[in-house]
Structure formats: structure tokens, C-alpha cells
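Welcome to a short tour of a protein model. Take a moment to turn the structure around before reading on.

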Amino acid sequence: LKAEQQTLSEYSLEYTTALLMNLSLRVAGKNKCEEMPKNIVLQVLSELIEHENMVVRTHVNGTLYSILTRKSLKQQAKELGMQEMLKYLMENSDD
């Protein structure tokens, strides 16, 4: 997703983010997210959280909701400044 994000069709991006969200709901998926090189999953999600496609944003939010239950990923998110970014989006986004 990181490497191909700019070249994926809208449908493929929706499908890929839905797959990531569904995989992240399982313990094995959360484990894999923790095993990835530091911050890569969170960086990709940060790039997509303001995507123009509402479906993609919904999947990104679902993935974040699921993986931020892990202490290591929550710490990585804090290091990336995601807490401030999410607060800003909550205050300045449409319902």
C-alpha cells in the first residue's frame, strides 16, 4: 500500500484499505502490524486519513481504532504526533 498508493485505482484503494482494516481486527493482524518496520503502518494510515474518498477514510479510522489498542503502536502514534492530528481532524472535519 505504501509503494502503490498513488497508482491504485479508487476501487483498489477502497478494497485494500478494507482488507487492512479486516486483517487488523484479528489478533494475528495486530501482531503483524507490530512486526512491521517502525511506524510504516501508521505512516500509511496518516497519509490516507484525509483522503477524499469517504470509504477509504472509514477503513483508515477502523484500522486505527483496532490497532491503537496495542501499547507499542499507540506509542509509535504518539511519536508521530498522531494524537494532535486526530484531535485537529475531529474539530475541523465534517460529520
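L23 is partly exposed, because its relative accessible area is 46%, a value between the 20% and 50% cut-offs. This leucine is found in helix α1, which covers residues 10–24. Please keep in mind that the model is a predicted one.

Together with Y11, Y15 and L19, L23 forms a nonpolar patch.

## The overall picture

Stepping back, the protein chain has 6 helices and 0 strands. Following the sequence from one end to the other gives the pattern α-α-α-α-α-α. The radius of gyration is 13 Å, close to the 12 Å that the globule rule gives for 95 residues, so the protein chain is as compact as a globular protein of that length. Along the principal axes, the C-alpha trace spans about 30 × 30 × 20 Å.

How much of the chain counts as buried? Of the 95 residues, 35% do. The accessible surface of the protein chain comes to about 6400 Å², and carbon and sulfur atoms account for 54% of that. Contacts also reach across the sequence: among those between residues at least 6 apart, 68% join residues at least 24 apart.

## K30, a buried lysine

Next comes helix α2, made of residues 27–35, where K30 is found. K30 is buried, yet this lysine has no salt bridge. Which side chain of opposite charge is nearest to K30? That is E34, and the distance is 9.5 Å.

R70 is found in the loop between α4 (54–67) and α5 (71–80). Is R70 buried or exposed? With a relative accessibility of 18%, R70 counts as buried, because buried means under 20%. Not counting residues up to four places away in sequence, R70 touches V27, K30, N31 and E34.

R70 forms a salt bridge with E34, and their closest N and O atoms are 2.5 Å apart. R70 lies in the loop between α4 and α5 while E34 lies in helix α2, so the pair ties together parts that are 36 residues apart in sequence. E34 counts as partly exposed, with a relative accessibility of 29%.

## The other salt bridges

In total, the model has 3 salt bridges. One of them joins E79 and K38, whose closest N and O atoms are 3.1 Å apart. This pair links distant parts of the chain, with E79 in helix α5 and K38 in the loop between α2 and α3 (40–48), 41 residues apart. E79 counts as partly exposed at 45% relative accessibility, while K38 counts as exposed at 53%.

Another salt bridge pairs K32 with E35, with 3.5 Å between the closest N and O atoms. Here both residues lie in helix α2, 3 residues apart, which is about one turn of the helix. K32 is exposed, with a relative accessible area of 53%, and E35 is exposed too, with 55%.

## A last stop: L86

The tour ends in helix α6, residues 82–92, where L86 is found. L86 is partly exposed, because its relative accessible area is 24%, again between the 20% and 50% cut-offs.

Which residues does L86 touch, not counting those up to four places away in sequence? They are I49 and L64. Looking back along the chain, Q75 is 11 residues apart from L86, and the C-alpha atoms of these two residues are separated by 15 Å.

Technical notes: Residues are numbered from 1 along each chain as its sequence is written. This is a predicted model: local features need pLDDT of at least 70, side-chain atom pairs count only at pLDDT 80 or more; totals for chains, interfaces and linings use all residues. Side-chain values use heavy atoms; hydrogens and water are left out. Patches are made of residues with over 30% relative accessible area and no salt bridge: like charges are joined within 9 Å, nonpolar side chains (Val, Leu, Ile, Met, Phe, Trp, Tyr) within 5 Å. Accessible areas come from the Shrake-Rupley method with a 1.4 Å probe; for residues, only the protein chains shown count as cover. A salt bridge is a side-chain nitrogen of Lys or Arg within 4 Å of a carboxyl oxygen of Asp or Glu. Helices (H or I, at least four residues) and strands (E, at least two) are DSSP runs, numbered from the N terminus. Buried means under 20% relative accessible area, exposed over 50%, partly exposed in between (1.4 Å probe, protein chains only). The radius of gyration is taken over C-alpha atoms; the globule rule is 2.2 Å times the number of residues to the power 0.38. Contact means heavy atoms within 4.5 Å. Lys and Arg count as positive and Asp and Glu as negative; His and the chain ends are not counted.
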